[in-house]
Amino acid sequence: MYSDKCIVDPYIVLGFSFVGLVFDITAFLAYYYWGMDPTDPSTTDPSSVTNKQKLQKKEICLEDGVEVDVGKEMARINMCSALMHVASDALRSITTLIEGLLILYTDLDSENTDAVASLIVSSIIVIGAIGALFSWGHQVVRHYKGELISPARSPPPDLPGGTEKKADPPAG
């Protein structure tokens, strides 16, 4: 007899969650051991010309009157972004684990439990995206207000690294 009711297999859901958690824990451990200082040459592939060039490139810009090494700041942002991605994957794996346990050990409808878990994971993704958009928007506004000085622009003369106009030598 055919039924329109879909049954979610809790063992498949638990299998996916365990594989995801193993991957996420491995990624967290890799970040802990090798991702602490992304500009340290020992944590990057030394044979890569691109990495060598990025590490040797020292652009300095001013943010709030303080010198910032652009290369180090970009590497830090990239590593932070990777860590946040792994953290969101871990939240998805934990949600999937809880979903599998609820389906296996309770009388909850498996199809509805799966739908709710999907909504939770989707909400986590949307919340992260909104947070990233606000952060990006804040940086864009600061840039256009002139609060951030890009490496292409030279700093004002009264700040470190600025070029002061030298007096003309006396004629004579």
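1. An unreviewed UniProt entry lists residues 12-34 and 115-136 under "transmembrane region"; UniProt positions are given in the numbering used here, feature names are shortened, and such annotations may be inferred rather than shown by experiment. In the model, residues 12-34 are 100% helix and 0% strand, with end C-alpha atoms 33 Å apart, and residues 115-136 are likewise 100% helix and 0% strand, with end C-alpha atoms 31 Å apart.

2. This is a predicted model, in which local features need pLDDT of at least 70 and side-chain atom pairs count only at pLDDT 80 or more, whereas totals for chains, interfaces and linings use all residues. Residues are numbered from 1 along each chain as its sequence is written, and side-chain values use heavy atoms, with hydrogens and water left out.

3. The mean pLDDT (the predictor's confidence in each residue, from 0 to 100) is 75 for the chain, and 60% of the residues reach 70 or more. Over residues 42-49 pLDDT stays under 50, and the model has 8 contacts (heavy atoms within 4.5 Å) beyond four places in sequence for them. Where pLDDT is low, the predicted coordinates should not be read in detail.

4. The chain has 4 helices and 3 strands, taken as DSSP runs numbered from the N terminus (helices H or I, at least four residues; strands E, at least two), and from the N terminus on their order is α-α-β-β-α-α-β. Of the contacts with a separation of 6 or more, 65% join residues 24 or more positions apart.

5. Helix 1 (residues 10-34) has 25 residues, which at 1.5 Å a residue should span 36 Å, and this agrees with the 36 Å between its end C-alpha atoms; the expected span is 1.5 Å times one less than the number of residues. At its start, a side-chain oxygen of Asp9 comes to within 3.1 Å of the backbone nitrogen of Tyr11. An α-helix has 3.6 residues a turn, so residues three or four places apart point the same way.

6. Thr95, in helix 3 (residues 70-105), is buried, with a relative accessible area of 13%. Beyond its neighbours within four places in sequence, Thr95 is in contact with Ala117, Ile120, Val121 and Ile124.

Definitions and conventions
A polar contact is a pair of N or O atoms within 3.5 Å; within protein, one must be able to donate a hydrogen and the other to accept it, and residues adjacent in sequence count only if both atoms are side-chain atoms. Buried means under 20% relative accessible area, exposed over 50%, partly exposed in between (1.4 Å probe, protein chains only).
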